[in-house]
Amino acid sequence: MSNNKFVCIHGHFYQPPRENAWLEVVEIQDTAAPYHDWNERINAECYAPNVAARIQDHENKIIRILNNYTKLSFNFGPTLLSWMEKEDPKTYQAILGADKSSQQSFNGHGSAIAQAYNHIISPLADSKDKETQIVWGIQDFIHRFKRRPEGMWLPETAVDTESLELLAKHGIKFTILAPRQAKAIKHLKDKEWHSVDENSLDTRRPYYCNLPSGKKIALFFYNGHNARGVAFEGYLNNGKHFAQSLISSFDPNDTQPQLVHIATDGESYGHHHRHGEMALADCINHIEENNLAKIINYGAYLELFPPEYEAQIHENSSWSCVHGVERWRANCGCNSGGHPGWNQLWRSPLRDTLDWLRESIRPIFVKYCKPYFEDPWQVRNEYIKIILDRSEENVDAFIKKYAKRPVDDSEKISLLRLLEMQRNAMLMYTSCGWFFDEISGIETNQILQYANRAIQYAKKISDIELHDPFLEKLQQIPSNVYENGAGSYEEHIAPASVDLVKVGMHYAVSSLFEEYPEHLEFFNFISDIQSFELLEAGIQKLAIGQVSLKSRITHAKKDFGFAVLYLGQHNIIGYINTEMPEEHFQNMHQKVTEAFKNANLGNVIAHMQESFSSEKFSIWHLFRDEKRKILQQITATNLNKIEGLYREIYNDNNLLMKGIVDSKIPLPKAFQDAVQFIMNKELYNFFVENGLNIRRLVQLAEEFKKWDIQLHDPDRLHLVISERIFEELQNDQLEMGSIEALDKIINILQILRSIGIEPDIWRAQNYYFSLLKKYQNGEKSFPGRAFEQQFLELGNHLLVRTENKIPVH
């Protein structure tokens, strides 16, 4: 290997914040099925597989498993890591561990770099937001990776001189840009600048950008040709070809150090391109095994080879808009290409509207912070420390540190609301809100949620009403789908707005179906039950209670009394009151429960109406996930009846249907539907129920063949099969040396393949591979030769290369 050839592959791993602005959780997204939401789906397709990417031999058998993050340069969006920390802690920890491992490989330089916090287009932000985004990104990185970042990813690589100044001010050594963002270059010793473009720029070296302040920052302009190849031109169809494309980018006649590097969306490696993580692993493996170049990260390269050239940037430029940063403020022509005839005339007035809102709430922020904080903007920069740890102790310590004097509970609530108002005022600028084609798209609806939340906080703090003028401005914005830009907002965002009263309604309705403990943390709220009673009479239910609800975000708190009546199916009548005296509540409780016990539902409703002054509520006031969960419980009875009818048709007419098919007569549609429904249901149930009876699976496979069954929901079925096989591999019986446990998994895989079902078993493969290595390395030993042989046979069915000799004890 030549000592002057280095390769660096950077992955920008990012998802926009998808959390409901009021609940702080990602709600169900049907388009991501069979997964709960798009974060979960992309995590399963990309982020998790890259922790354990398979490298295969010429027979497509696994010979090595690589944590790609140990070899990549990478950044993760802070809001994505916040989600992953809760929802997939194993992958989260593997990513943090990869950064530690890379420090050992790359002379103390970790491969992770930071990202500006919530993906705001930096050149379009004002100075205060720019700085807070950088500070929050750095602090989030330190919190997770336990070190300071050397580099920072600017969202969409959108850059201007002020952004670079702020990066340098806060100790960032380098950032990554697209080649077309370079305007001119020169050797550090020269005086004359030379204009460059994407084709003439030498991307194989780093550059300094000397800044007006006297500071400097290193710039890495990635190889655009190879980056496009990964994203759009099929490089990930073959890892070795990918490697060769990178190696061919070196200048064979140049004896100076050369860095061939690319930057792409990290989601290319598994989500945009299925099994892209395997191609990436194969690429890295091929380069290292054949000594074609040295894999390195940017920090390590910068230490070895400081820039000898200087670069000027094109101001207000980016990697995903050829017009600079117009994609996020103008009808520049950049869009998804999926809606010919649409325009993006909405982009500019939408940004103007959010700018108006930002400037409207800033005086509120300063006015109401000033009595407590010496420098409100410095406190906003530090607020990331509360976002990362919302414990009562941390919040109190934070306020004690920055407040001029001690504050009481109501003042603490106001201060937290002020800071949350500013957080939402930055979240509303998340770049995805402008990236796509239409103002009513889910990405733009998401940022308008944050705008609505900021308006709510402003109203609570100052009693200044900003919603009406905000709505008027939206009504002046064009839409390709609605009459104007307010259409989708009024349909989806405004009605979804949540306060503690709505949370109380949700709690009351769901208490009919859930057994809540006395103390419960749900969404971003804490509930404490003072009293609760649930009465049932057949399908009718009555829940009456008193509960205290507290926001974990602002610490605002309300006490509620409620009564809710379930009449069957989706018919629910409920009332809630925040100001009901104890004596009044007890009187209501007695009257309503007596009427219910006497089967007088009319009086139950009458007493509820006279006792509560508030508006009644129903099942439709539930939040999305809980509403769906309860509606599924309610509809289960009717669905079971439908299943019973199909099962009756199938059982009663089985021989008749067989005769019809044998006679080459088309099976009546009703019979076809019954058979398809029952067989799909039976196969799904087989993998979710306890015990895996192989004889039953054989019978099902025969039925599938006989009736030519088509899978109704293959993604959902494949997911449940994959999870069950993974569970069986971790079975205690297998750990204790059960040959029967091995046989069961082998038989399941054989039977499924006989009917054309090939689930994605990557988790099972990874787990098996880790066991195999332990046996091969002598960390574990087999109980006997028979178990060894069957274990290796299972490897063949899991497509894992198992030929290495394993010691038996």
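Analyst: Happy to. One term first: a helix here is a DSSP run of type H or I with at least four residues, and helices are numbered from the N terminus. Please keep in mind that this is a predicted model.

Let's start with Arg358, which lies in helix H10, residues 347-369. Is Arg358 buried or exposed? The cut-off for buried is under 20% relative accessible area, and Arg358, at 10%, counts as buried. Setting aside neighbours within four places in sequence, its contacts are Asp126, Asp129, Met428 and Tyr429.

Two of those partners lead us to Leu354. With sequence neighbours within four places again left out, Leu354 touches Met428 and Tyr429, and also Trp434, Ile447, Ala451 and Phe470. Met428 and Tyr429 are therefore contacts of both Arg358 and Leu354. Leu354 also stands out in the largest nonpolar core, a set of 98 residues, where Leu350, Leu354, Met421 and Phe470 have the most contacts. Apart from this there is a second, separate core of 94 residues, with Tyr47, Leu66, Phe141 and Leu177 among its members. As background, nonpolar side chains tend to be buried together in soluble globular proteins.

The loop between S18 and S19 holds Gln569. Its phi is near 50°, a positive value for a residue other than glycine. With a relative accessible area of 46%, Gln569 is partly exposed.

Asp708 sits in the loop between helix H25 (694-707) and helix H26 (714-729), and it is exposed, at 53% relative accessible area. For context, most residues other than glycine have a negative phi, and most peptide bonds are trans. Another backbone feature is the cis peptide bond between Ala33 and Pro34, with omega about 10°. Pro34 belongs to the loop between strand S1 (5-13) and helix H1 (38-47).

Finally, here is a helix pair. Helix H22 (residues 624-652) packs against helix H24 (residues 669-688) at an angle of about 110°, with the axes 9 Å apart. The two helices are therefore roughly perpendicular to each other, and H22 passes H24 in a left-handed crossing. On the H22 side the contact is made by Glu643, Tyr646, Arg647, Ile649 and Tyr650. The H24 side contributes several residues, including Phe671, Phe677, Ile678 and Met679.

To come back to where we began: Arg358 counts as buried in this predicted model, and its contacts include Asp126 and Asp129.

Definitions and conventions:
Residues numbered from 1 in each chain as written. Predicted model: local features only at pLDDT ≥ 70, side-chain atom pairs only at ≥ 80, totals over all residues. Heavy atoms only, no water. Core = buried A, V, L, I, M, F, W, Y, C linked by side-chain atoms within 4.5 Å. Buried < 20%, exposed > 50% of the residue type's maximum accessible area, 1.4 Å probe, protein only. Contact = heavy atoms within 4.5 Å. Axes fitted to C-alpha atoms, helices over the stretch in contact; angles between N-to-C directions. Parallel < 35°, antiparallel > 145°, perpendicular 65-115°, else oblique. Left-handed = near helix turned anticlockwise from the far one by under 90°.
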